Amino acid sequence: MSLRPQPLTPVPDQTARVAYAAFPKGNPYLTRRDTLGTIFQDDSFADLYGHDGQPGVAPWRLALVTILQFRETLADRQAAEAVRARIDWKYVLGLEWTDSGFDFAVLSEFRDRLLAGEAAERLLEPLLGRCRAMGLLKARGQQRTDATHVLAAVRSLHRVELVAETLRAALNALATVAPAWLQGMAPLAWYERYAKRIEDSRLPKEPNKRDAYAQTVGEDGFQLLDALESPEAPRGRSSHRLGALQGATGITPGGGAHRIPL
């Protein structure tokens, strides 16, 4: 993947019209874009990309999305969906209102580039610098960026979502090949917890509640894997479809219920 910096342009006219029609009394993201501009530029991330291959999503937009998803406690799939569906996000990102967004995997790849290039400070320093220059941030002792905390928090959300969504996909596979067996062993709570895609529900914002949710998902995964090891478990192709569950969670049948490593 390569980077081909493009000149920054104003918010598209149609996006602006739709956004201000949707938020006649104002919106924090619209105000932020109007006040602070784009904040980032592609050139600031040029050394993290190669010169060959298909051009990727503009890194200045990915940097903004990372900050927005941290602010709203969104995992990667949820953040990508917000880019596709929310006009306030399209406005702050300078996208056409018909823009279909990008694949959620791009966000984790961008974080990996920041960490591999020891460039995490580029995520917050431009924002703080712009705020200081405009007098929006007053110095009170020593100030420092904490972008590594932002990246770690977003990564944690992504991994919780990944494990829960993998378990949901495994249950759906079993519901296709062994519905009677699954109905007999699945607790009622699973129907509510895994009936819809994880990205369609909000993960808990409070760290302790999010840890508890991750613990619950991990215990559910162990329960399913233990059940699949039982003599009553379905045999054949259905068991092979669950290999992704073990690989994504790092758990093994019969291992007991331990906390998911985040």
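# Exercises on a predicted model

R77 is buried, with a relative accessible area of 13%. The model is predicted. Work through the exercises in order.

## Exercise 1: a salt bridge at R77

Task: Find which side chain meets R77 in a salt bridge, and where the two residues lie.

Solution. 
- Step 1. Start with the partner. The side chains of R77 and E161 meet in a salt bridge, at 3.5 Å from N to O.
- Step 2. R77 lies in helix α4 and E161 in helix α8, so the pair ties together parts that are 84 residues apart in sequence.
- Step 3. Check burial. The cut-off for buried is under 20% relative accessible area. E161 has 1% relative accessibility, so E161 counts as buried. R77, at 13%, is buried as well.

## Exercise 2: the bridge between R86 and E72

Task: Classify R86 and E72 as buried or partly exposed, and describe their salt bridge.

Solution. 
- Step 1. The side chains of R86 and E72 meet at 2.7 Å, N to O.
- Step 2. R86 sits in the loop between α4 and α5, and E72 in helix α3. They are 14 residues apart.
- Step 3. R86 is at 24% relative accessibility, so R86 counts as partly exposed. E72 is at 10%, so E72 counts as buried.
- Step 4. Look for further links. E72, R86 and D88 are joined in a network of salt bridges.
- Step 5. A search of the whole structure finds 9 salt bridges.

## Exercise 3: the surroundings of D220

Task: State where D220 is found, what it touches and which side chain it meets in a salt bridge.

Solution. 
- Step 1. D220 is found in helix α11, residues 207-228.
- Step 2. Its relative accessible area is 5%, so D220 is buried.
- Step 3. Leave out residues up to four places away in sequence. D220 then touches L167, W190, R193 and Y194.
- Step 4. One of these contacts, R193, also meets D220 in a salt bridge of 3.0 Å, N to O. R193 lies in helix α10 (residues 188-194), and the two are 27 residues apart.
- Step 5. R193 has a relative accessible area of 27%, so R193 is partly exposed.

## Exercise 4: the largest nonpolar core

Task: Name the residues that touch the most other members of the largest nonpolar core, and the helix that gives its largest share.

Solution. 
- Step 1. The core has 39 residues, and W89 and L123 touch the most other members.
- Step 2. Several helices each supply at least two residues, among them α2 (28-36), α5 (87-93) and α8 (147-177).
- Step 3. The largest share, 7 residues, comes from α3.
- Step 4. A second, separate core has 26 residues, including A75, L157, Y213 and L228.

## Exercise 5: aromatic pairs

Task: Describe the aromatic pair of Y20 and Y91 and that of Y29 and W89.

Solution. 
- Step 1. The whole structure holds 5 aromatic pairs.
- Step 2. Y20 and Y91 are edge-to-face, 5.6 Å centre to centre, with 85° between the planes. Y20 is in helix α1 and Y91 in helix α5, 71 residues apart.
- Step 3. Y20, at 36% relative accessibility, is partly exposed. Y91, at 5%, is buried.
- Step 4. Y29 and W89 are edge-to-face, 6.4 Å centre to centre, with 85° between the planes. Y29 is in helix α2 and W89 in helix α5.
- Step 5. Y29 is buried at 6%, and W89 is buried at 0%.

Conventions:
Residues numbered from 1 in each chain as written. Predicted model: local features only at pLDDT ≥ 70, side-chain atom pairs only at ≥ 80, totals over all residues. Heavy atoms only, no water. Helix = DSSP H or I, 4+ residues; strand = E, 2+ residues; numbered from the N terminus. Buried < 20%, exposed > 50% of the residue type's maximum accessible area, 1.4 Å probe, protein only. Contact = heavy atoms within 4.5 Å. Core = buried A, V, L, I, M, F, W, Y, C linked by side-chain atoms within 4.5 Å. Phe/Tyr/Trp six-rings, centres within 6.5 Å; stacked < 30°, edge-to-face > 60°. Salt bridge = Lys/Arg side-chain N within 4 Å of Asp/Glu carboxyl O.
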